[in-house]
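I opened this entry to look up a few side chains and their surroundings. My notes follow the order in which I checked them.

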Amino acid sequence: MGWGDLGAFGEPSKETPNLDQMASEGMLFLDFYTASPLCSPSRAALLTGRLPVRNGFYTTNAHARNAYTPQDIVGGIPDSELLLPELLKKAGYISKIIGKWHLGHRPQFHPLKHGFDEWFGSPNCHFGPFDNRALPNIPVYRDWEMIGRYYEDFKIDLKTGEANLTQIYLQEALDFISKQQASQQPFFLYWAIDATHAPVYASKHFLGTSQRGLYGDAVREIDDSVGKILQHLQNLGISENTFVFFTSDNGAALISAPKQGGSNGRFLCGKQTTFEGGMREPAIAWWPGHIPAGGVSHQLGNVMDLFTTSLSLAGLQPPGDRQIDGIDLLPAILQGKLIDRPIFYYRGNEMMAVRVRLYKAHYWTWSNSWEEYSKGIDFCPGQNVSGVTTHIQEEHTKLPLLFHLGRDPGEKYPLSFASDEYERVMEQISVVVQQHKVTMVPGEPQLNVCDKAVM
């Protein structure tokens, strides 16, 4: 889902009333990022609080290539990584994942082996359908038991886009919340639905209801589901004891646009790129009675912060034996403070860019290769910016391309190398980059588990 897909972020059709209400009752984050422009490393970062180059979700077989875990990859999240649900157990939390896991398909990478107590969903997205003999359809699990497969037992109609998966995932969430409330058990719910990932789907009730086509139908159903979850918390009387955060794992996939792709607003490019459209995400924090209603924050945030913030909410400290990249957002959320921190934009094994306050410096630029582009694969359709959206890997380490994201959120006008502003800002950013490189020390458990390079 993209930054521009919600009414609260300016989507003109205004078809997300529940998420918009969530924002009006809570806090909108305008400068919130993912840790990677692709789903597997982003999810690994969320659950470990660590950049993908630290937790193992990056490629080593090709420079600056994104990586993911398809069915035929044998690796997954390393045992050396400590995931959020593992740590929350210390405070008595019961944890459930609903939907897409994407951190490994083999039994040793199963969510229940990494801290989750319950799982309803799949190791991967709903790709397919596949040939059952050569490459079976993606399985769906309830805890340890495989209960079916996408397209077979869980129908997805590629012609109409009809599928009931979001409704199934919604009911799983409502039932889990009810069960934990009844037992007075603190809980962590990771609701990781995938309806807006191509091939996009929605249930019959939502099909054909959006001005934005099938993608809009899927967004409307997600919005409706979030509204039902928040209302359920209120009906059970536990909303003031429950912190809820809504965001996405990467920007909208413009390669699927316009029929099955979303909107990244004014930002450049989309999923798979380290331009703003690939990594800046919609984000809303909701906690009635604690978060002042109608808040808007310009705090630079990242999905890795949800790891650290969740531990803080549970009264726990992050592990001290490893580098943690996420920060505790509670001072920003509850007190309106702005914490000075950088955002690093990684693509595979390479730091492509860094943001410090309102400035973003690109050390490498690349959208996708000429070979892929010539086949019709375009991550920046209609958005070519000469010298910026490059189809070869362009190195700018000696003279990074520098943008002021306040004046130029679309990354169209790099600052002049000869300007005093450029020299002054790059001196500051260079210090931040050098400090970051010191943390990338040998000896970290940087196991490559996603040696499947893509574009």
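This is a predicted model: local features need pLDDT of at least 70, side-chain atom pairs count only at pLDDT 80 or more; totals for chains, interfaces and linings use all residues.

I listed its contacts, leaving out residues up to four places away in sequence, and found Pro136, Asn137, Ile138, Pro139, Val140 and Phe154. Arg149 lies in strand 6, residues 145-149.

Next I asked which side chain of opposite charge is nearest to Arg149. I found Glu152, 4.6 Å away. A salt bridge needs a side-chain nitrogen within 4 Å of a carboxyl oxygen, so I noted Arg149 as buried yet without a salt bridge.

I then turned to the cysteines. How many disulfides does the model have? I counted one. The disulfide joins Cys269 to Cys380, with an S to S distance of 2.0 Å. I read 105° about the S-S bond and recorded the link as right-handed. The pair links distant parts of the chain, 111 residues apart. I placed Cys269 in the loop between strand 8 (244-246) and helix 7 (276-279), and Cys380 in the loop between helix 10 (370-374) and strand 16 (394-395). I checked burial as well: Cys269 is buried, and so is Cys380.

From the side of Cys125, the closest cysteine sulfur is in Cys39. I noted Cys39 as buried, with a relative accessible area of 4%. Cys125 also counts as buried, at 0% relative accessibility.

Key: Residues are numbered from 1 along each chain as its sequence is written. Side-chain values use heavy atoms; hydrogens and water are left out. A disulfide is a pair of cysteine sulfur atoms within 2.5 Å. Helices (H or I, at least four residues) and strands (E, at least two) are DSSP runs, numbered from the N terminus. Buried means under 20% relative accessible area, exposed over 50%, partly exposed in between (1.4 Å probe, protein chains only). Lys and Arg count as positive and Asp and Glu as negative; His and the chain ends are not counted. Contact means heavy atoms within 4.5 Å.
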